[in-house]
Every structure is written in C-alpha cells, then in structure tokens.
Amino acid sequence: MSKALSKLIRDVPDFPKPGIVFKDITPLLQDAKGFRAAVRALAKAAEPMQPEAFLGIESRGFLFAGALALELGHGVLIARKPGKLPYQAHRVSYDLEYGSASLELHVDAVAKGQRVVIVDDLLATGGTAQAAARLVEQQGGVVAGWLFLVELEFLHGRQRLGQAPVASVLRYA
Ligand code: AMP
C-alpha cells in the first residue's frame, strides 16, 4: 500500500454513527499530487479490464469515475440515489447494515454488451457495488471490473462481487 497516499486518508471515529470509523478521502482530494497519483493507480488497474465506460456511484465515486473517463478516453455513467435523475431510470434496492438503500441509472445509460467498470471511493460490505452491477446487467451491459480507492478487507466485500476483477489502491486488513 502506498504510504504517501495512505497518509492522506483521515480516520474519523464514530461517523456517521457510533462504532464506524469513516475513511475520509477529502485530504487526498485536496492534494494535487495525491489525487493525481490515486487516479493514475486506478487507471493502471483499469486498463487490463478493457473498459468501454466507467460507472461512478454517488457521490464520491463520481470524482474518480470522471477522472478515469478523461484519463483513459471513455464516457462516464452515473448511478444515483433515488429521485435525483431527471429521465426514466431503473432502480435496484439493496440491504444495508440497518435498513435498505436504492440506486438508480438512466434506462439508456448502458449499451448492449458494453464493458462497464464500476467505480467507488470505498468497498465496505460490497452491497452498493453489487447493486450497481445489477443495474449494468439489467441493461445488457457487461461488468468488466470494479475499482475502489479504499478497500476494507476485513468486511470481505469482494466476496459478494462476481467473477470480474476487483482492484483497490489502499487496503485495510
Ligand atoms: P458497502 O455497500 O457496505 O460496500 O458501502 C460502500 C459505500 O458506503 C461506499 O459508497 C462508501 O463511500 C460508503 N462507506 C461505507 N463504509 C465507509 C467507511 N468506513 N468510510 C467511508 N465510506 C464508507
């Protein structure tokens, strides 16, 4: 794990609720060299996945999906929380530790057979990333891989993801 990058991730205990240690990536985003190094590391991991588009998960996933799309010359798709997208959208719901959540994607976001790489800032239990994959597959796309800046390995989120490769830059065991 890159020491320089891991120093730019701030632990915020008990946010957003007691017992959760929130991995705050804003110091990394604010650091020009750090942000560029993180995007380059993600881009390197993305290349063998042969992406044709990047799908960013609201909201921090947008930052990395947008940067990767520019870096590698692809479009960016956005999976949003319910009620935010202006046009017709598909919705999937998934379970959280307490309660449930949903993600939406415009019905015409993914072309049939298109290779989509799903991007988020952090992989925890994997429920969010798995929901994004369902949206891609519902539209006939192919999940070519998953990319995360941070992976909380102790939550075993990657076990919930499918066959496609999963890559992360900073891993916490
Ligand atoms: P999960 O569905 O459990 O993999 O949760 C992943 C989503 O929740 C990502 O969009 C993360 O941004 C956010 N998330 C979950 N746990 C944390 C954490 N400890 N620190 C920062 N973000 C988190």
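1. Confidence. The protein chain has an average pLDDT of 96, and 99% of its residues score at least 70; pLDDT is the predictor's confidence in each residue, on a scale from 0 to 100. This is a predicted model, in which local features need pLDDT of at least 70, side-chain atom pairs count only at pLDDT 80 or more, and totals for chains, interfaces and linings use all residues. Residues are numbered from 1 along each chain as its sequence is written, and side-chain values use heavy atoms, with hydrogens and water left out. Among the elements, E3 has the highest mean pLDDT (99) and H1 the lowest (92). Helices (H or I, at least four residues) and strands (E, at least two) are DSSP runs numbered from the N terminus.

2. Helix H3. This helix covers residues 32-46 and spans 21 Å from its first C-alpha to its last, close to the 21 Å expected at 1.5 Å a residue; the expected span is 1.5 Å times one less than the number of residues.

3. Buried side of H3. Gly34, Ala38, Val39, Leu42, Ala43 and Ala46 are buried, where buried means under 20% relative accessible area, exposed over 50% and partly exposed in between (1.4 Å probe, protein chains only). An α-helix has 3.6 residues a turn, so residues three or four places apart point the same way. The buried residues of H3 pack against several elements, including helix H4 (60-72), strand E8 (142-152) and strand E9 (166-172).

4. Helix H4. The 13 residues of H4 reach 19 Å from first C-alpha to last, close to the 18 Å expected. Its buried residues are Gly61, Phe64, Ala65, Ala67, Leu68 and Ala69, and their cover includes H2, H3, E3, strand E4 (75-79), E7 and E8. After H4 comes Gly73, with a positive phi near 75 degrees.

5. Nonpolar cores. The largest core has 28 residues, and Phe64, Leu147 and Leu149 are among those with the most contacts inside it. A nonpolar core is a set of buried Ala, Val, Leu, Ile, Met, Phe, Trp, Tyr and Cys residues joined through side-chain atoms within 4.5 Å. At least two residues of this core come from each of H3, H4, E7, E8 and E9. A second, separate core of 26 residues includes Val116, Ala132, Ala133 and Phe148.

6. Aromatic pairs. There are two in the structure; rings of Phe, Tyr and Trp (its six-membered ring) pair if their centres lie within 6.5 Å, with planes under 30 degrees apart counted as stacked, over 60 as edge-to-face and the rest as tilted. Phe15 and Phe22 are edge-to-face, 5.2 Å centre to centre with 85 degrees between the planes. Phe35 and Phe64 are also edge-to-face, at 5.8 Å and 70 degrees. Phe35 lies in H3 and Phe64 in H4, so this pair ties together parts 29 residues apart in sequence. Phe35 is partly exposed at 24% relative accessible area, whereas Phe64 is buried at 1%.

7. Gln114. This residue sits in the loop between strand E6 (100-106) and strand E7 (115-123). Gln114 is buried, at 17% relative accessible area. Beyond its neighbours within four places in sequence, Gln114 is in contact (heavy atoms within 4.5 Å) with residues including Glu52, Ala53 and Gly140.
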